[in-house]
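Hi,

Here is the structure I said I'd pass on.

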Amino acid sequence: MEKQELRCGYTTGTCAAVAAKAAAVMLFTGRELQHMNLMMPKGRSADLPLFHVDIKRSEASCAVKKDAGDDPDVTHQAMVFASVQYTDGKKERQAQGIYQLKGQEGKGPLYLKAGEGIGWVTKPGLSCPPGMPAINPVPRDMIFGGVEEARREAGFQGSLTITIWMPEGKSLAEKTFNSRLGIQGGLSILGTTGIVKPMSEDALIATIQLELHIKAVAGMKQVILVPGNYGEAFIRETLGLSLKDGVTCSNFIREALKTAGKEGFRRILFAGHIGKLIKVAGGVPNTHSQYGDRRMEILWDCTAPFSVEKEGIKHKILTANTMEEAAGILKDHGILEPVMGEVMNRIQKHMTLWSEGAEVEVVTFSAMYGILGMSRGAMELIRLFSRPGAEGIEQEV
């Protein structure tokens with residue numbers, strides 16, 4: 001059976017720009033529109049239907065329904081609203097948090113502001129400066145460009161104020177990484193090409209890189225990395241550390257460590273379930289199952305030096321279904337501790353190499369046996385993260 005290609009969608013930036021252009025056209029013409037066409041970056045066009053059209057004497061507004069295609073985007077089907085109104089610019093020039101496009105050829109400036117459900121940037125390191133709405137540069141250009149096109153065709157010379165809002169934005173933002181990135185109160189208006197491609201590894205890696213970059217810009221010199229939910233729970237419940245100091249890296253172990261090293265993190269605490277980290281002991285950079293499952297083979301290679309006189313242990317290890325079961329076998333034979341020591345040495349060696357020189361300390365655990373292994377300097381780093389009043393963050397002064 002032929003594999004069906006996943007369907008692409010449109011970014012919130014495209015939706016906002018289409019709605020803004022349509023609102024401008026309807027303001028100038030007074031005629032209600034059913035759809036609007038907009039040229040996106042790289043020469044592609046979007047022709048999208050309009051909803052909630054409202055035309056008044058000095059203002060027009062409408063919405064575009066976000067279509068994310070086959071991407072599991074939390075904003076899929078959410079309404080992105082835009083309004084365009086006549087203005088003399090006095091209020092806008094005095095207000096904070098408004099983007100401006102200077103008018104050319106005698107035209108007045110265009111102003112862009114955020115309404116309900118659009119987030120505000122509170123930390124440096126993002127595409128938008130702190131204190132401004134989270135409307136990224138490419139979407140801003142698309143919004144200004146669409147409204148400017150409508151203004152030019154109408155022969156209008158005066159200023160206009162554009163407002164973008166998403167009624168569901170605040171609640172939907174709680175399902176995203178926005179709060180971790182320092183975006184509060186709502187969603188970001190995003191997009192670089194105007195098109196949403198179904199979630200790829202590149203997109204996930206880019207999210208990890210951005211989180212690490214934000215923390216680096218904030219002055220952090222050490223960071224916690226965890227693969228996922230198990231690691232997050234372990235960090236919080238067992239080690240008593242704050243997830244404010246952590247980044248979830250999923251299966252992208254090498255990519256996360258490489259980025260952390262490039263961002264200047266001097267010390268990294270990596271905490272993860274043995275089911276994933278045993279793969280790292282074998283030099284596996286991405287722990288997703290699609291890249292193979294060599295867990296028991298790697299564990300046996302770490303076990304072999306300690307099991308010369310243990311009859312039948314090789315078969316038991318290689319045929320174990322889970323790492324919990326394998327750990328039990330090692331415990332029954334009295335060699336769990338030395339084997340885990342070897343596992344930790346190998347994990348630390350690969351992680352240090354991938355980080356390109358950072359000091360990496362590792363803790364691994366299982367649900368049944370708790371902490372299974374800890375690198376030599378891990379406890380010192382754990383204490384640093386847990387010291388009172390410091391929130392685990394050491395900053396350069």
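In which strand does T364 lie? That would be strand 16, which covers residues 359–366. Bear in mind that this is a predicted model. Its mean pLDDT is 91, with 95% of the residues at 70 or more.

Back to T364: its relative accessibility is 0%, so T364 is classed as buried. Beyond the neighbours within four places in sequence, T364 touches G272, H273, I274 and L277, as well as M344 and the run G370, I371, L372 and G373. K276 sits 88 residues away from T364 along the chain, yet their C-alpha atoms are 9.3 Å apart.

Helix 7 itself spans residues 229–238, and G231, E232, F234 and I235 are buried in it. Looking down the helix axis, these buried residues stay within an arc of 165°, so they line one face of helix 7. N229, Y230 and E237 are exposed, on the face turned away from that buried side. After helix 7 comes G240, with a positive phi near 70°.

One caution before you set anything up: over residues 390–397 pLDDT stays under 50, although the model has 23 contacts beyond four places in sequence for that stretch.

Cheers

Key: Residues are numbered from 1 along each chain as its sequence is written. This is a predicted model: local features need pLDDT of at least 70, side-chain atom pairs count only at pLDDT 80 or more; totals for chains, interfaces and linings use all residues. Side-chain values use heavy atoms; hydrogens and water are left out. pLDDT is the predictor's confidence in each residue, from 0 to 100. Contact means heavy atoms within 4.5 Å. Helices (H or I, at least four residues) and strands (E, at least two) are DSSP runs, numbered from the N terminus. Buried means under 20% relative accessible area, exposed over 50%, partly exposed in between (1.4 Å probe, protein chains only). The arc is that of the directions from the helix axis to the C-beta atoms.
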